[in-house]
Amino acid sequence: MRYLLRRLGHAAFLLVGVSVVSFLFTALAPGNYFDEMRLNPQIGPETIAALRAQYQLDRPLPARYANWVGSLVRGNMGFSFAYNSPVAPLLLIRARNTLLLTVAAMLLAWGIALPLGVWSAEGFGRLPDKIVSLGTAGLLVIPDLALALGLLVLAVRSGRLPTGGMVSLSFESLSLFGKVRDLLVHLALPVAALVLSALPLLIRHVRAAVAEVLDAPFLQAAEGHGIPRRTLLYRYALPAAANPLISLFGFSIGTLLSGSLLIEVVMSWPGLGPFLLEAILARDLYVVIGGILFSTIFLVAGNFLADLLLYWADPRIRTESNSR
Amino acid sequence: MSLRGARLGWLIFLVLLHATVIFPGFFAPYDPSEQDRKNPYLPPMRIHFLDAQGHFHARPFVYPLQLRQGSFDQSEGNTAKPVSLKFFVRGTRYQLLGIIPFRLHLFGTEDERVYLLGSDSFGRDQLSRFFYGGQVSLFAGLLGAGITLLLGLCVGAIAGYYGGWTDALLMRFSELFLALPWLYLLFALRAFLPLSVGPLQAFFLIVAVIGAVGWARPARLVRGVVLSAKERDFVRAARGFGATDAYLLCRHILPETSSVLLTQATILVPQFVLAEMTLSFLGLGVPEPVPSWGNLLASLQQYSVLVTYWWMYLPALLIVPFFVGYLGLGSELQERREPYKIERTSLGNFA
Amino acid sequence: MQPLIRVESLVKTYEKQGLAGRRDEVRAVDGVSFSVFPRTTLAIVGESGSGKSTLALCLACLENPTAGSIWFEGVDIVKLSEKGQRAMRRKIQLIFQDPATSLNPRWSVAEILAEPLLLPGNLSRDEATWRAHSRLDQVGLSSEIAEKAPAELSGGQRQRLAIARALTLEPKLLILDEALSALDCSFQAQIANLLQDLQSALGMTYVFISHDLAMAAHLGDDIAVMNCGRIIEQGRPAEILKNPKNDITRNMVSAVPRMEFPRQQAPEP
């Protein structure tokens, strides 16, 4: 229990820390944002004055920070100049789309990496391992950008898959089954790109974790007891490898989120990525901060989830933290 | 760190590859900003040894491309005018290593321009832009990795050696950086800096930003090495001779980190090259007309280009050998050591 | 005669960080007092965990004691500033147990030897190397090994190198923390003899720390038995071996192997 509280505290600390850093950026960034905005003819001087008053730029930093956090908690994430609307609702839709993409990719990537990693670790150094190693090396050397673009080029040339967007124009008029199918078809390319870019490292780490467990004396003892191979793998080895694997899971959330940023832009998937990019180019300050915060929340939440899983899966952590 | 066998092989491979971007003027037939507006989006020219009449030529040649009659995107070679490829020609002027004026190119042609990788929307030679762009991208990657490793080394050494509050504080701070997905962090940092700056400033800006993002992981690794190194007997013995902290760090402890730093370098450089490419691709990096590997691919963001001029993708494939080199070297360096383990203890720290 | 070094009620406690933030105190050295006279050897014996190594580190100024005093050359080294301690460290040298770890494996023999002399920064590299080389003879090593790495030497050679390195500083006191324990038997005898030779030749004073009562009795003029951070018995080797006053000492004495030949002849081969 203490462990969970500690992890919760840690997550909270991270969120607070990131929020402070983000806030400091806005307050201290070279080239006052509002000065730059003044140069933008679309934003009238009255808007700027109103915003300055609203964000109380004349008050000391800690007060502004408190104010900012206060409005964040109330769901007010600021105002987007480009879209002329509050930030939160815009971000929420985009965040949902990113989440959809990332979760799908996560499931698929782990679904492939776990069996392949285990298979590879089993035949460590022998043919299956070598094939898998070659495959992962081959994927690793292709930079993510090249991978995404390459898939896009292939899709365009073959004309089979849609090359952008989340749904077709005729989405609304489709049946439920049609809608799901449409979504899946649009998901295919981005998910494939994301999975392929994350797969090599994932497989390697799974392989390493499982291989290490397979070497353990307790497993050899169990083998000596005549326990069948399959049971050995799935009921003895895999649970023992739970600690590094679950930690890897937490870590992979971060890499997938980063990857999704690029792939969303390249493949025109309407997630946080393209939105963030637009905001940066348009100097839409509060959207940028909002986007950063959202991605951090996902990452921290995902890692906390991993911590929970770890608590449930690894008895050592339960006993260690409960004993005094 | 011994340079033996496979390691030496990979190193030589990498050095050779980098030679093409250290001396881009020599390897590239043209200046990257030389435009030829009459020939936009040409596909790559094929190298022939047999001409249309079936004669064999010892010297390779290409056919200049022209638009097919009645089409706006199909090109064909003009078989009436084969253009030979000559090697070690005197071509456009360039500056060797930025200072020495030079005119020698690896290969070139006499009248018509040769586009081995095709041309972009302004008619600029993609191959030349690839070599010059590699200079920018690779240099950004190397410099960025250098900054990150330096930062990581300092932070890790201080945290590991002095322990206590300093250590706890620095590690918590590093966790903040690890808590953000790195590309988001990169974008955020980039966002808060002026957008439209000159190419040189943009370059250093990006390098600084990239370097500032990734220091957390190397710092933790260095810290681990320092923690175990400072308990070693030979460090204690040196203390027994009256050595100061600085001496112990510099002469005994930090040399232990060399293998970790080298392995990290082989991982970080490709990652940072990718970061620069991503930024430039999206318009947040090195601006036109300076070529970078990201810029080269930027035109692919337009659907029309993707469909009709798909060969603009080819430079991306040429980048792969560089990554192969770094990966190969990295895996050779890591061979002797355990794979990087990610494990958590009940304290929630990464082991 | 004045003792070279006098320890008074030395205490060293370590704080172990418990998992829930609770601190556990470990008293590694718990009120130790003794004196060592010049040109003699004090042997300190004890099991693992008795606090011997911590004591050695405190004596060599490499750890700061929690309480007590160590009087050396009229100065209480416990009270010295860091700068003062750095100077003092050069006068009391510590030989570690495993020469494989106490010599930097990346350095050559010549560099290892010259390091103590080069540290203050007032000798040139050549001068330091030359001076260091002259020590090699003293410990019975040839100067051919100068360019080798420690890994290329045998255990005995490495420990000689460690001793030579310590001697370059001409220390007044040499502390040997289990210095023979990591060596093979034959090397143990060699180094033990070397130590005795050096003592008579250079007038060295030793504190010899070991778990081996037999070796301690052989080398020491005085034996102190340590247990749980305290000295439970002290005296001449012959006395300790014949009349151990403490249970623990008795156990240690009985563990010393004695070669006794049976009264009857061994059967013919």
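So, helix α10 of chain A: the buried residues there are Leu232(A), Leu233(A) and Ala237(A). Keep in mind this is a predicted model. Looking down the axis of α10(A), those buried residues fall within an arc of 90°, so they line one face of the helix. Over on the other side, Arg230(A) and Arg235(A) are exposed.

What does that buried face pack against? The buried residues of α10(A) pack against α5 (87-122), α8 (176-214) and α9 (217-224) of chain A. As for the geometry, α10(A) covers residues 229-240, and its 12 residues reach 15 Å from first C-alpha to last, close to the 16 Å expected.

Okay, on to chains A and B. Here 66 residues of chain A are in contact with 49 residues of chain B. The area buried between the two chains is about 5200 Å², and carbon and sulfur atoms give 73% of that. Val141(A), Leu145(A) and Ile280(A) supply 10% of the area that chain A buries against chain B, more than any other three residues.

How many salt bridges cross the interface of chain A and chain B? The rule finds zero. For polar contacts, the count between chain A and chain B is four residue pairs. Several helices give two or more residues to the side of chain A that touches chain B, among them α1 (2-28), α8 and α13 (285-313). α11(A) gives the most to that side, with 13 residues.

Last stop, helix α9 of chain B, residues 245-253. Its buried residues are Tyr247(B), Leu248(B), Leu249(B), His252(B) and Ile253(B). They pack against α3 (126-162), α7 (216-229) and α8 (233-240) of chain B, together with α4 (109-118) of chain C.

Note on methods:
Residues are numbered from 1 along each chain as its sequence is written. Chains are lettered from A and ligands numbered from 1 in the order in which they are written. This is a predicted model: local features need pLDDT of at least 70, side-chain atom pairs count only at pLDDT 80 or more; totals for chains, interfaces and linings use all residues. Side-chain values use heavy atoms; hydrogens and water are left out. Buried means under 20% relative accessible area, exposed over 50%, partly exposed in between (1.4 Å probe, protein chains only). Helices (H or I, at least four residues) and strands (E, at least two) are DSSP runs, numbered from the N terminus. Contact means heavy atoms within 4.5 Å. The expected span of a helix is 1.5 Å times one less than its number of residues. The arc is that of the directions from the helix axis to the C-beta atoms. Buried area is the accessible area (1.4 Å probe) that two parts lose on being put together, summed over both. A salt bridge is a side-chain nitrogen of Lys or Arg within 4 Å of a carboxyl oxygen of Asp or Glu. A polar contact is a pair of N or O atoms within 3.5 Å; within protein, one must be able to donate a hydrogen and the other to accept it, and residues adjacent in sequence count only if both atoms are side-chain atoms.
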